[in-house]
Amino acid sequence: MKKALLLMMAFMLVFTVTTVFAGGQKEKAPTTAPAQAKKAMAGAEPTSFTKLEVEKGATIVFSGWGDQTEQKIYRDSIVRFNKIYPDVTVDYQPIPADFQTKLKAMMAGGTAPDVFYVDDQLMTAFGSTGQLLPLDDYMGKAKVSRKDFITALLTIFTYKGKTYGLPKDWGTLGLVYLPEAFKEAGIAEPNDNWTWDDIAKAAKAISEKTKYKGFCQNADWARFAPWVFELGGTYTNADYTKAALNTEPVKKAASYILKMKKDGFLVTSADVGAGWAGEAIGKKLVAMTYEGGWMVNYMRNQFPDVNWKAVQVAKASNGKRADVIFTNAIGVNAHTKYPKAAAAFTIFVTSRENQAEITKTGFAYSTHPDQINLIKDPNDKEIAAGGLVGKVAYWGPNTGKINDQVSKALERIYLGTMSVDESFAQADKKVNAILAGE
Amino acid sequence: MKAQRSLSEIKKKEEVAAYIFLSPYLISTLVFTLGMILFALYISLHNWNMFQRPEFVGLKNYIKAFRSEDFRRGFYNIFWYTLIVVFFQTFIAVFMAVILFKPIPGKRLFRTLFYAPSVTSSVVISMIFWWLYLKTGFINLAFDKIAGLFGGVWQNVEWLNNPTGLFQLIAKSFGGNISYDKWYFNGPSITWMAIMAQAIYTTSPTFMIMFLAGLVNIPVSLYESASIDGASPWNQFWKITFPMLRPVTMMVVVLGTMGCIQMFDYVKILTAGGPLGTTLVPVYQIYSETLGISGPIRAGYGAAMAFILAVVIFVLTYIQRKFIEEKTEQY
């Protein structure tokens, strides 16, 4: 009896200690490409970069966010990668929710994947703290240049002159609209020569003559950015040391939008009972909005019967057009056991060959400027054109907080709790405090 | 003498056995609770981004927290939240428990139905309420129908994006005006009150169960004697039920207060602290700073805020215990 009791106690102790101290160990999932398939693929040679020498028998873990569609795209990318590097095993472990939070915790715990998506939040956390591998040497060996990519996209992923992530895709905004609303109002559909005044006039006519609301725009820094950029404005100065919100371009853009809202031709998605502006288009609640290339798949899947179109964002009255660019990259964990294989995978996924295949699916645009013409969908093509006049809304390590202050300033003027001048003066003050580290 | 020695040996062996049995819990508590608290205290005195060596800054993080308008605002918001939610959830829980304690038909069914919101995931509940609270949602529709019955028209309210404070509304109805800048005079916003309603709806049933358990423990003889003495049901409630439930009430109020002060999930899912900071809460700020949600990771600053919050919870719990326990009659 005593022996049994002692045995049980010993077992409990061992169980506790092992669960407590071994809890962080990762389970290894099977690789995506079976050995036979890899053998068949072996021998393929890349054309846009030089194949790198990699560690023998390397197994790398790759993680990113995304739904089933995105996961399929990257599983296919891994199959293509294995045609060139048959001896590297890529263990794809997608993290669909709370990616950034999980990645930070994993990195702190030493269990982060070898290769993963990097956005501005992760670049802020990992870039300056030595958690990302500089890719420049590997790029040099693979004969890949920073110039191969759309220049603006590398802004976020460059720290002290080194490249910590290669842009994997990008997006921008376009003027998305419902042709039937224009037909019902008896007015011409938007085109690439439209200006802000054309949007305002059309929004007025549609709101007055039809059941649709004119233009949908939430209090959101991203949708506000093209308006500001077109007037030559920005959110901070060039070296991210001083706020630039209490300035004429910002206030002029905000005043224009506010006038439309006060006149009743501009609504928010919540005003019409939608979660976001794209949904408001899908549900035929509004005639126009600024949305991005994600609308193509969204409308195809959620509202296949709704006819919608897109043109480039409207120009300001000064005739200038500007757009905002969103981008994410693929980066390598600085602590990876297989830096060469991880870098080879990153270079491959963001290469012309692979990007061309991804672009064909309509999921994302290629990050190489000479591949913009690969976009087939006419609406997508129109939206992507904004990339040529686009700018990444990146303001250094405090980008999130600064953009948040812009959204709050817009929220205040939308709600009517402050004038445009007061609201952006306050935002400017707060951004300066953030930049001062307060 | 021999018998005594063997007795103390047995006692010693029993003690060792007890510690071995307790060891699984003790080890995890030492590592994950006490260890983590000490570690948090250590990093609260440092600037730390989780990846590089912590830099000692003394009490700077604490001073920064006290100086932060957002952090003060978080406490202001959570004060109203705790005050209103704890009061209503306790009141509703007692009310539901007393009703369900009576021998009514379908009692078990009602208990199950009432309890359902408490076992539903906060994410699911939040999504349901998000839908109900839409400007074109069911709540506005219901108010519109009610207003229609009296010949009025209901102006749809954007429940989850309305920063207007309770005192602002009151001032407005008397022709006054309180500026949004003076947030400390505004009271809880409409959005904040909408979230409070959601919290009350989901937490009251849990506390109802506790009150039901408390009601079972009240001796029936007390009610019988009171009836013989001619006490009305109302008097019986105030003179017997309510005082006898005091220990449960104490627990409910303390648990409710702690839960309210640590509120996070609804804010994260529904408002992210908006509109205009009227739903900003300390735990959400701790989360954002510690994990660098919209800026650099400032784990030391987050830990300092967490310690300030812990002290507030400790003090409040102590006051409540003192206040309620002193008045609790022991039977």
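**Exercise 1. Find out how covered strand β6 of chain A is, and which strand pairs with it.**

Step 1. Strand β6 (residues 166-171) of chain A is mostly covered, with six of its six residues buried. Buried means that 20 or more other C-beta atoms, placed from the backbone, lie within 10 Å of the residue's own. Strands are DSSP runs of E, at least two residues long, and helices are runs of H or I, at least four long; both are numbered from the N terminus.

The model is predicted: local features need pLDDT of at least 70, side-chain atom pairs count only at pLDDT 80 or more, and totals for chains, interfaces and linings use all residues. Residues are numbered from 1 along each chain as its sequence is written, while chains are lettered from A and ligands numbered from 1 in the order in which they are written.

Step 2. The partner is strand β12 (residues 323-332) of chain A, antiparallel over five bridges. Pairing takes at least two DSSP bridges.

Step 3. Take one bridge: A:Leu166 has A:Ile330 as its partner in β12(A).

**Exercise 2. Describe the side of domain 1 of chain A that touches domain 2 of chain A.**

Step 1. Domain 1 of chain A is 34-171 + 326-378, and domain 2 is 174-325 + 389-435. These bounds come from an automatic or database domain assignment.

Step 2. Count the residues. The contact (C-beta atoms, placed from the backbone, within 7 Å) takes 16 residues from domain 1 of chain A and 13 residues from domain 2 of chain A.

Step 3. Name the elements. On the domain 1 side, α5 (120-127), β6 and β12 of chain A each supply at least two residues. α5(A) gives the most, with three residues.

Methods: Buried ≥ 20, exposed ≤ 12 C-beta atoms within 10 Å, placed from the backbone. Contact = placed C-beta atoms within 7 Å.
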